[in-house]
Amino acid sequence: MTSKLPTLFLAHGSPVNAIRDNDFTRALGRLGQSLPRPKAILIVSAHWRSRTTRVLTLQEPKTIYDFSGFPKELSEIVYAAKGSPQLALRVAALLTPFGVEDDESWGLDHGVWSVLRHMYPAADIPVVPLSINQRLQLEGHLAVAQALRPLRAEGILIIGSGNITHNLGDIDWDEAAKPQKWAQTFDERMAKAIVERDTKFLLKGVGPDYASLWQRALPTAEHYIPLLYAYGASDEGEQVSFPYVGMQHGTLSMRCVRFG
């Protein structure tokens, strides 16, 4: 492959999206069809958190059902993508300064398969998850992401899977709920920072005007951090686009971002 693949940040929202036919899931399908076919996918999901940076080395990763209270149909889905020990070794080499560790205990959680089954329903592209090291600050995650940039020229699609707003206490589980103004305001401000490559804002250098809004939108960081991996692995000056923009459950941003 002679040109670099883009990097992606994909919202995943409720696990139910895995079995829905809606504007969001159709956008994922179109995105998968429009991209050059990758050799493999490296994905950072909000749902694999660890005390170190870990990379999955399994050849045949299991499908993980890391949720409860949802339709039984979800727990019967098997996303049978292969892993790639070769890519895992390459990732480990790039991340040597960060002390990355091999892992055989995890698999493909719903932050991975709920989006990939719409993009690549045949599950015929190898998938390697990379964990979120909970001991790193945002700046540390950005540095890890930047170290992964060479993979893009090697045919690897780098994806972060999370949500730009994620406050379960403020979610309206009615699927017809209207978007809340505060969530839209934060989502739009984040989009502005992404387009302008305002790294200071993206590292939570928000000032007093947005500090309380940031706390409401993201009381915990795990669904936001995957965005930093897509952003950090991208290059200055690359085109930014939004394959999908919208809200679900009133406050859950489903904005997806493409760099390059």
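Me: Trp 113: buried or exposed?
Reply: Buried, since its relative accessible area is 0%, and the cut-off for buried is under 20%. Keep in mind that this is a predicted model.

Me: Which ring does Trp 113 pair with, and what is the geometry?
Reply: For ring pairs, look at the centres and the planes; planes over 60 degrees apart count as edge-to-face. Here the partner is Tyr 65: the centres are 6.2 Å apart and the planes sit at 65°, so this is an edge-to-face pair. Tyr 65 belongs to the loop between strand 3 and helix 2, while Trp 113 is in helix 3, so the pair links parts of the chain 48 residues apart. Tyr 65 is partly exposed, at 30% relative accessibility.

Me: How many aromatic pairs does the structure hold?
Reply: There are 10. One of the edge-to-face cases is Tyr 231 with Phe 259, with centres 6.0 Å apart and planes at 70°. Both residues count as buried, Tyr 231 at 4% and Phe 259 at 0%.

Me: Now helices. How do I read the packing of helix 5 and helix 7?
Reply: Two packed helices are described by the angle between their axes and the distance between the axes. In this model the axes of helix 5 and helix 7 come within 10 Å and cross at roughly 105°, which makes the two helices roughly perpendicular. By class, their contact has 7 nonpolar, 1 polar and 2 charged residues.

Me: Where does the charged end of Arg 189 sit?
Reply: Over the ring of Phe 201, 4.0 Å from its centre. Phe 201 is also part of an aromatic cluster with Phe 186, Tyr 210, Trp 214 and Tyr 224.

Terms used
Residues are numbered from 1 along each chain as its sequence is written. This is a predicted model: local features need pLDDT of at least 70, side-chain atom pairs count only at pLDDT 80 or more; totals for chains, interfaces and linings use all residues. Side-chain values use heavy atoms; hydrogens and water are left out. Axes are lines fitted to C-alpha atoms, for helices over the stretch in contact, and angles run from 0 to 180 degrees between N-to-C directions. Helices (H or I, at least four residues) and strands (E, at least two) are DSSP runs, numbered from the N terminus. Angles under 35 degrees count as roughly parallel, over 145 as roughly antiparallel, 65 to 115 as roughly perpendicular and the rest as oblique. Ala, Val, Leu, Ile, Met, Phe, Trp, Tyr, Cys and Pro count as nonpolar, Asp, Glu, Lys and Arg as charged, and the others, Gly among them, as polar. Rings of Phe, Tyr and Trp (its six-membered ring) pair if their centres lie within 6.5 Å; planes under 30 degrees apart count as stacked, over 60 as edge-to-face and the rest as tilted. Buried means under 20% relative accessible area, exposed over 50%, partly exposed in between (1.4 Å probe, protein chains only). A charge sits over a ring if NZ of Lys or CZ of Arg is within 6 Å of the ring centre and within 35 degrees of the ring normal.
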